[in-house]
Amino acid sequence: MPNFLKAIGCLLRRDLTVALRRSTDVLTPLVFFIIVVSLFPLGLGPEPSVLRTIAPGVIWVAALLATMLSLNRLFANDHADGTLEQMALSPHPLTVLVLTKVAAHWMLTGLPLVLISPLLAVQMNLPESAMGTLVLSLLLGTPVLSLLGAVGAALTLGLRGGGVLVSLLVLPLYTPVLIFGAGAVAGVIAGIDIEAHFSLLAAFLALALTLAPWAAAAALRVSLD
Amino acid sequence: MQYMHKYASPKFFYTLAGKLTPWMAALTAVLLVAGLYLGLFVAPVDFQQGESYRIMFIHVPAAWMSMFIYVCMAGAGAIALVWNVKLFEMFAGNCAPVGASFTFLALVTGSLWGKPMWGAWWAWDARLTSELILFFLYIGYMALEASIDDPRRAARASAILALVGVVNIPVIHFSVEWWNTLHQPASVGKVGTPSIHPSMLAPLLLMSLGFTFYFFTVALMRMRNEILERERHTTWVAQLLESKS
Amino acid sequence: MLEAVDLECVRGDRPLFSHLSFRLKPGELMHVTGVNGSGKTTLLRTLCGLTHAAAGEVRWNGSTIHELGDDYRSQLAYVGHSNGIQGELTAEENLRAACLGTAADTTRIQETLKRLGLAPYRHFPSKVLSQGQKRRLALARLAILRKSLWILDEPLSALDVNSVVLMTEILMEHLARDGLIIMTSHQEIDVETKTILQIQLD
Amino acid sequence: MNWSEFIRMGGYGFYVWSSYGLALLVLLLNLYLPLRRRKTVRRLLHEFLRLKEQTR
């Protein structure tokens, strides 16, 4: 299926080009992520032991919120200018095109979050031994956030108050990822064996990869109806 | 499929539901009264929790209902999506407020039960926490449905959400349970399910059955309203209203 | 051949039209007219498969378009109200993206842009184009994609006289190649062809 | 059967009875809402049909 792969490559390149030309869109969630995490020491006081205890949860919750903030970029622009309906009418499975768009979204949102997280970990006094776990857990978890978010974004496409609504739909679904993502980092600090956390995060990723694009594609078709 | 379309025609269903509702309501009343009688008067005092355990006869059926209704909602949504049947769309949409109110009931009674048992109104107990997330899922479903103007589009979009939710509920439930065993402080005892005595099981089952029939009664009533409203362009609704006035 | 059988469309709970049947053969053009809100756009979107019909079906060469799925879509080009143009991309990039990797032949893209008077803007982001130019760019997709069925929603809106003439030419060429066209338009269209089907919705 | 003992519920009266009371409230509210809606829908539809007659 060379045609099919060409289509994926073309769409991926298109999405990345558009995003890079609107670099503020890409930077906003990242800056938001940094600001939210930086607010906690200000609110709680700079006691290192306190910060260390809450660091995994704070960084993970901030990652959740930052991803959610970026979700409207996923389909909304394409919906407004009609590109999305052209996509739905292209002779390629919409599921795969959606997956491609999610991949582009993750490269521009999830990946930067993963890359910047060690910096925030230092800020929050996270021990160095937990750094690798933090990065790895985010690396496994953020794609799940993008995938589930795609379903929410597709469902709320073109609705009034879509931005707030998407948080209502998506945040409850994010809880398992939060529990095991933050749990893994906290587990390393506490010296617990965290293999199970990673297996479960990987399982969530597999589940989301198989089901979410399908649901998002169905939701897109409904939104375009 | 042909049968489904015949019985699923709004006109036919409207009359059928109208005939069924009083019977279901009566059955609900009988079941609930019997359940209450057995639960409040017959069932013996629990030797560990005293009389407070009688909250269970509300709390546990309500919690069961909250999950049962969500599954019904997702199932009806799936049928509506696949076969494009209007009635199932309406059923799914009308499940949500009833389900959400049972979830709310389960949460508050859980809290009322928790206060004498744990000494606190709220504890991050696994079952209460997953019930809370279920409540959020219901709210999200209703918010999505309310913000789409076209009723058929709203039904299809929220059906997809319900299906995503139904896949997620076991995952969420298991995650919260696991998280809870890891973090649970020793002082908080579980509101337990010790081996349940038949004299307690009977009212529990009766109450659950009563709630189930109550749910179907209310859902039918809601559906009848919606059918009238959405079929207002048809002649049968005009005739029906004319004959009534 | 495109066929509609007993088509019924509903918006919300409001019935738009019902029992609509027609048959469109290669080389024919169908002109859909009707007042605002009569369901022209809904009809076109139903024919594309974007919107579900309440009853009836649409057939392409004998099979329903839902059975055909991607096979139908590979024959179909649609230009709706919105142009489907991403403002950050240049005219050329937009056309390339519209092809999704297939048939993105550079010389053909350049020829088409030239013909539609968009060649000078080739390397500008599309957001600087005027409404009429954006419309022309959307229509340029038709010439590049080479699909047999064109479904066009008000293709001539926002176009000046010269562009309308040019567009009419393009439509006639397509019909001459045994293509099919379904379009809505407030203007009269003087396309000389074997058959024009008129459908009036009310 | 002693009624005041029954109401006291072994000291847990407040918790038990507020649970049951709340349950009753929720059940009644869920019943009341569709009944009220039914009235409104009927009124709306009568109005709608009357106006439709007139415009014809």
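Modeller: Before we start, helices (H or I, at least four residues) and strands (E, at least two) are DSSP runs, numbered from the N terminus. This is a predicted model, where local features need pLDDT of at least 70, side-chain atom pairs count only at pLDDT 80 or more, and totals for chains, interfaces and linings use all residues. Residues are numbered from 1 along each chain as its sequence is written, chains are lettered from A and ligands numbered from 1 in the order in which they are written, and side-chain values use heavy atoms, with hydrogens and water left out.

Biologist: Thanks! In which helix of chain B does B:P61 lie?

Modeller: Look for B:P61 in chain B, within the run of residues 56–83. That run is helix α3.

Biologist: Is B:P61 buried or exposed?

Modeller: Buried means under 20% relative accessible area, exposed over 50%, and partly exposed in between (1.4 Å probe, protein chains only). Contact means heavy atoms within 4.5 Å, and B:P61 touches B:M56, B:L204, B:M207, B:S208 and B:F211, not counting residues up to four places away in sequence. Because its relative accessible area is 0%, B:P61 is buried.

Biologist: Now to chain A. Which side chain makes a polar contact with the side chain of A:H105?

Modeller: A:H105 sits in helix α6 (residues 94–108) of chain A, and it counts as buried because its relative accessibility is 3%. Leaving aside neighbours within four places in sequence, its contacts include A:T67, A:S70 and A:S146. A polar contact is a pair of N or O atoms within 3.5 Å; within protein, one must be able to donate a hydrogen and the other to accept it, and residues adjacent in sequence count only if both atoms are side-chain atoms. At 3.1 Å, the partner of A:H105 is the side chain of A:S70.

Biologist: Why is strand β3 of chain C largely enclosed by the rest of the structure?

Modeller: C:E28, C:M30, C:V32 and C:G34 point one way from β3(C), while C:L29, C:H31 and C:T33 point the other way, and all are buried. So β3(C), residues 28–34, is largely enclosed because its buried residues number 7 of the 7.

Biologist: Which residue of β8(C) stands opposite C:M30?

Modeller: Two strands pair if DSSP finds at least two bridges between them. Here 4 bridges join β3(C) to strand β8 (residues 180–184) of chain C, and the strands run parallel. Opposite C:M30 you will find C:I182.

Biologist: Let's turn to the chains together. Of the 4 pairs of chains in contact, which share the most contacts?

Modeller: Some pairs can be set aside: chains A and D do not touch, with their nearest C-alpha atoms 24 Å apart. Chains C and D do not touch either, and their nearest C-alpha atoms are 14 Å apart. The pair with the most contacts is chains B and D.

Biologist: What area is buried between chain D and chain B?

Modeller: Buried area is the accessible area (1.4 Å probe) that two parts lose on being put together, summed over both. Here 31 residues of chain D are in contact with 42 residues of chain B. Carbon and sulfur atoms give 74% of the buried area, which is about 3200 Å².

Biologist: Which residue of chain D meets B:E229 in a salt bridge?

Modeller: A salt bridge is a side-chain nitrogen of Lys or Arg within 4 Å of a carboxyl oxygen of Asp or Glu. Between chain D and chain B the count is 1. At 2.9 Å, N to O, the side chain that meets B:E229 belongs to D:R37.
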